[in-house]
Amino acid sequence: MTEASSARSTRRPHWRRDLVELAAMFTAVAVADVVANTVAHGPSGPVLLCSSAVALLATAVFHVWWSRRHENAPPPTDTGATAPSPAGPAPQAAGQETTLWRMRTTVRDEPGSLAALCTALAGQRVDILSLQTHPLSDGTVDEFLLRAPGSLRADELTRTVAGAGGAHSWLERADAHDLVDAPTRMLGLATRTALDSAELPLALRQLLGRCTIHSVPARSLRGRPLAEQVPTEGVLEEHRMKFRDSSGGSLTIERPQLPFTPTEFARVRALVDLDARLGQRVPPRRDVLTLPEGNEITIRRADTSDLAAAREMHDRCSPRTLALRYHGPVGDADRYLGHLLSPRFGRTLAVETASGRLVALGHLLWDGEETEVALLVEDAWQQRGIGAELLRRLAGMAAETGCESVYAITQASNTGMVAAMRGLGLPLDYQIEEGTLVITARPAGLPARRESRESVRIQDATGRR
């Protein structure tokens with residue numbers, strides 16, 4: 001039987017249905033007649049009418065409540081097995097291992113280019129968590145945060161993107177910190193920069209990923225010009241950005257593995273401009289500690305305003321103490337203080353006595369992915385645990401900023417520095433070259449770095465480490 005004949009048969013009138021409808025109509029008329037006679041002639045007619053009205057009103061209210069409760073309910077689903085849609089990938093099984101990836105690729109600036117790329121990723125069961133676009137003159141750089149099946153290799157993902165029209169692709173592992181959206185991340189980085197001058201290099205590294213930042217002062221310690229003249233608006237090259245530093249120097253950022261985009265350049269320039277407008281700033285936190293013998297000391301952040309007090313402390317230190325700290329001629333020690341106390345190159349902790357005299361300095365100097373720590377404690381205040389306390393706080397600061405390792409350069413005879421580094425309770429590496437000892441500490445679980453330590457011996461822009 002065809003569908004047309006079946007429809008005609010269902011619409012064909014039947015005499016039994018007509019009889020049922022007539023019987024229902026006669027019954028309704030009889031009931032209505034009985035109710036009318038009861039209301040008109042019975043003693044309880046008004047009571048019956050009021051009861052009927054109340055019953056009808058309650059029924060209406062219940063119907064409205066029930067319909068509103070279920071009007072947004074999802075439609076019932078079939079409990080039977082359903083086949084997945086052929087237009088899209090099957091959902092990932094619960095508990096399946098996944099991997100977060102950050103990916104950049106360049107696509108043609110044509111309608112449908114991004115759609116083709118997204119379709120190809122969906123075919124590999126890759127979930128796109130976020131997407132940022134960086135327009136260029138000849139195309140668009142799309143930056144993705146992806147959640148891919150753990151079994152999908154990096155080369156397979158790259159081939160998929162290339163097959164969908166992506167060019168110059170770049171891929172690296174991501175973590176939970178990358179799940180923050182771009183506006184929220186920029187606000188957080190701007191807040192960090194506004195609170196502390198030393199945060200600018202760290203904020204730039206977090207914004208751009210793996211990169212090298214060179215901060216060059218305007219002049220060397222001997223007065224020789226160092227920094228090149230950078231235009232006010234900055235310079236954008238393929239793998240390099242240059243900005244003018246607020247102190248007259250220059251700030252250069254390099255990233256050989258990935259070209260910079262105009263969008264990244266604009267974000268970095270906004271942070272650099274914010275830092276220049278606010279000027280030098282250091283958090284005002286001060287911690288008061290009591291030494292074992294009962295003397296109170298204050299530990300706080302230091303900056304270039306402490307230059308005069310630091311020079312006075314140098315005058316009170318013995319030549320041996322200065323030589324252990326600066327690894328060179330004692331007469332040149334004062335020349336490095338302006339560089340060391342500048343928040344642009346790191347963080348410095350100062351220790352003051354109850355009378356306000358400066359007796360110790362601890363420096364945390366940015367050095368790419370590593371961080372150098374250095375201590376100077378006045379002779380009369382040594383062997384009291386001040387150096388160990390400073391080192392512990394500096395290592396904590398380095399860990400908070402995400403530095404992979406912390407190293408100290410000293411002489412092999414400096415047993416005090418060795419003891420302080422061992423007191424951190426971290427895995428240590430020791431390297432001795434011609435009487436110079438390099439002690440490297442890194443958080444537990446991180447693999448040891450296999451590169452040579454040539455970068456440790458490279459002189460900075462001031463001519464001295």
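# Salt bridges, cores and helix packing

Guide: In this predicted model, a network of salt bridges links Arg102, Arg104, Glu143, Glu172, Arg210, Arg255 and Glu264. The structure holds 24 salt bridges.

Visitor: What makes the pairing of Arg104 with the side chain of Glu143 a polar contact?

Guide: The distance is 3.1 Å, side chain to side chain. The cut-off for a pair of N or O atoms is 3.5 Å, so this pair falls within it. The side chain of Arg104 makes another polar contact, with the side chain of Glu264, at 2.3 Å. That value is also within 3.5 Å.

Visitor: Which residues is Arg104 in contact with, leaving aside neighbours within four places in sequence?

Guide: Among them are His134, Val141, Asp142, His168, Trp170, Arg255 and Leu258. Glu143 and Glu264 are on that list too.

Visitor: How do you know that Arg153 and Glu156 form a salt bridge?

Guide: Their closest N and O atoms are 3.1 Å apart. The limit is 4 Å between a Lys or Arg side-chain nitrogen and an Asp or Glu carboxyl oxygen, so the pair qualifies.

Visitor: Why are Arg153 and Glu156 called partly exposed?

Guide: Arg153 has a relative accessible area of 45%. Glu156 has 22%. Partly exposed runs between the buried limit of 20% and the exposed limit of 50%. Both values fall in between, so both residues get that label.

Visitor: What makes Asp287 and Arg393 a salt bridge?

Guide: The closest N and O atoms are 2.8 Å apart, within the 4 Å cut-off. Asp287 lies in strand E9 (residues 286-290) and Arg393 in helix H12 (residues 386-400), so the pair ties together parts that are 106 residues apart in sequence. Asp287 and Arg393 are buried.

Visitor: How do you know that Glu389 and Arg393 also meet in a salt bridge?

Guide: The N to O distance is 2.7 Å, again within 4 Å. Both residues sit in helix H12, four residues apart, about one turn of the helix. Glu389 and Arg393 are both buried.

Visitor: Now the nonpolar side. Which residues touch the most other members of the largest nonpolar core?

Guide: Val351, Val373, Ile386, Leu390, Leu391 and Met421 do, in a core of 33 residues. Elements that give two or more residues to this core include strand E11 (346-353), strand E13 (370-377), H12 and helix H13 (415-422). H12 gives the most, with seven residues.

Visitor: Why do such residues gather?

Guide: In soluble globular proteins, nonpolar side chains tend to be buried together.

Visitor: What does Val351 touch, not counting residues up to four places away in sequence?

Guide: Its contacts include Ile297, Ile299, Leu358, Val359, Ala360, Ile386 and Leu390. Another core lies apart from the largest one. That other core has 18 residues, among them Leu189, Leu200, Met241 and Ile253.

Visitor: What describes the packing of helix H4 and helix H5?

Guide: Two packed helices are described by the angle between their axes and the distance between the axes. For H4 (residues 113-123) and H5 (residues 154-163), the angle is about 145° and the axes are 9 Å apart. The crossing is right-handed. Leu117, Ala120 and Leu121 in H4 meet Leu157, Thr160 and Val161 in H5.

Visitor: Why is Glu372 called buried?

Guide: Its relative accessible area is 3%. The limit is under 20%, so Glu372 is buried. Glu372 lies in strand E13. Glu372 and Thr440 are 68 residues apart in sequence and 9.0 Å apart in space, C-alpha to C-alpha.

Visitor: Which residues are buried in helix H10?

Guide: In H10 (residues 319-326), they are Thr321, Leu322, Leu324, Arg325 and Tyr326. Just after H10, His327 takes a positive phi of about 55°.

Visitor: How many helices and strands does the chain have, and what share of its residues count as buried?

Guide: The chain has 14 helices and 16 strands. Of its 465 residues, 37% count as buried.

Key: Residues are numbered from 1 along each chain as its sequence is written. This is a predicted model: local features need pLDDT of at least 70, side-chain atom pairs count only at pLDDT 80 or more; totals for chains, interfaces and linings use all residues. Side-chain values use heavy atoms; hydrogens and water are left out. Buried means under 20% relative accessible area, exposed over 50%, partly exposed in between (1.4 Å probe, protein chains only). A polar contact is a pair of N or O atoms within 3.5 Å; within protein, one must be able to donate a hydrogen and the other to accept it, and residues adjacent in sequence count only if both atoms are side-chain atoms. Contact means heavy atoms within 4.5 Å. A nonpolar core is a set of buried Ala, Val, Leu, Ile, Met, Phe, Trp, Tyr and Cys residues joined through side-chain atoms within 4.5 Å. Axes are lines fitted to C-alpha atoms, for helices over the stretch in contact, and angles run from 0 to 180 degrees between N-to-C directions. A crossing is left-handed if the near helix is turned anticlockwise from the far one by less than a right angle, and right-handed if clockwise.
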